[in-house]
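Let's take a look at how this protein holds together. Have the sequence and the 3D view open as you read.

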Amino acid sequence: MFDYRNNLKRILNNTAGDDKSLRNGLAAIKMILGMAGDDTAAPEPMREPQVDTKQVKLLLTGLADLIATPGDPAAKNTALSAIHQLTFTPQIGSKYGKNLGQLEKAIQASNTTKDVINKKIFEQAMQPKEKPKRDYRKGKRYTVIRLLSGCDLINDNNQRVYTLKESQIHSLNLKSGDIVEAVPEDINSNYEATILRVVGFKKLPSTEVDKISTFKYAVVQGRTGHLSVSRNIKGQKLRIRGKSVLLPVDSSQYQESNVQLVDGSIVDLAWYDGDVRLKKNPADAIKLRWVYQVDQPKSKPAVKKKKVKAVQDETAITKLALDLHYQRVGIAIGDNQNEAMLESIVNRYHGIPIPIDAFQGKKKMMENQIKDLDIVILVTAFAAHDSTWNIREFASKYNVKFAVSSSKGYQAFERALYRAAKGLPAYEGNQTIKYETED
């Protein structure tokens, strides 16, 4: 650094008291100070505001989670919070405010899908069971007797001591014969006892235990007041003693908590194999064991459809007393003839229409089409002769309800659908069949 002290001394010694000398001395001092390069006097350069990298990382993390799991509430909150923070940064808000606003709208519109729900169910099922926290309270030992929902704990004298709810034991996957340690529950009055640990197993005589069958991850379908179960999330049919069953369900069957069943709910079912009610009315024997708590997909906003003038005839006015409860209905026709009209009839009665090409005589392909159906309607006017016999054979083999419509007309097909669903004769023929209509 320039040493200006000696020059200042000489200037001050040679400066007189008159105005001119003082001005010259002041000018010389200013010049020397300017040459000194004093860093303290120089103004600091303006620094640009720094982008908050933490918020950027949070935004990217939230977006990645949303792509993996659409509609995930935690991921949406993380991403939206980061966007709000970045918007308040002056340069980011002014340059990219519009883009951030569009991104915020897209994140808010992200909804959970049925695929995500099914994936979540499978992931929960495949996760290793968390070991319960060790509880060193001293409990007594009891033997488990599994019930349709919950279980009984019996002592060495075969006396029932406690009855536990399904919510207490569902994660433990208990079965009849398990030996557990349990203590009375004093804190929570809703429960009689708490299981501390499973310590063993003993095989119980078949005379002491009723055999229980289960149907896991069943899918609830239908609308409010008309909900039913016929398949699980793998597409497997609910079968009781070898026959496919369409089981009506409602929330009153489940007493664990205040749960509302809706279209798409996932449940577990259970029943005693020896219950005589299974033959005539399975709904009285089968119990809702468990309802999985998963977020249901949000329904899409209704889109207004263009009105199409309908032909006013008797079939458009009269409606049969029939509700298919979302059963899969195979329509055996050929070359897509009248397919749209026949599918509309199935939809009208809340069924799921599935076309089958009855011109194809390939037996194996037709068997694969029919085995997963609930009902199959054969339109003989469109079917090949070989296919007719194949369809009847496979419908009988897989216990699929079957009926024949001899013509392609609206009423003939509608009545065939009614006969199949009600277990009436497959052919109408010359016999008198009463078709009940809605009031």
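## Salt bridges

Which residues are linked in a network of salt bridges? They are Arg-141, Glu-181 and Arg-197. Keep in mind that this is a predicted model. The structure has ten salt bridges.

Take Arg-146 and Glu-166, whose side chains meet in a salt bridge at 3.0 Å, N to O. Arg-146 sits in strand β1 and Glu-166 in helix α7, so the pair ties together parts that are 20 residues apart in sequence. Both residues are buried. Another pair is Glu-367 and Lys-364, with their closest N and O atoms 3.9 Å apart. These two are three residues apart in helix α12, which puts about one helical turn between them. Glu-367 counts as buried at 10% relative accessibility, while Lys-364 is exposed at 57%.

## Around the α10–β13 loop

Arg-223 and Asp-323 also form a salt bridge, with 3.5 Å between the closest N and O atoms. Arg-223 belongs to strand β6 and Asp-323 to the loop between α10 and β13, so this pair ties together parts 100 residues apart in sequence.

Tyr-326 lies in that loop too, and its contacts include Arg-223 and Gly-351. The C-alpha atoms of Tyr-326 and Gly-351 are separated by 4.3 Å, though the two are 25 residues apart along the chain.

In soluble globular proteins, nonpolar side chains tend to be buried together. Here, the largest nonpolar core has 28 residues, and Trp-271 is among those with the most contacts inside it. Strand β6 gives the largest share of this core, five residues. A second, separate core of 22 residues includes Val-329 and Ile-377.

Key
Residues numbered from 1 in each chain as written. Predicted model: local features only at pLDDT ≥ 70, side-chain atom pairs only at ≥ 80, totals over all residues. Heavy atoms only, no water. Helix = DSSP H or I, 4+ residues; strand = E, 2+ residues; numbered from the N terminus. Contact = heavy atoms within 4.5 Å. Core = buried A, V, L, I, M, F, W, Y, C linked by side-chain atoms within 4.5 Å. Buried < 20%, exposed > 50% of the residue type's maximum accessible area, 1.4 Å probe, protein only. Salt bridge = Lys/Arg side-chain N within 4 Å of Asp/Glu carboxyl O. Lists of a residue's contacts leave out its neighbours within four places in sequence.
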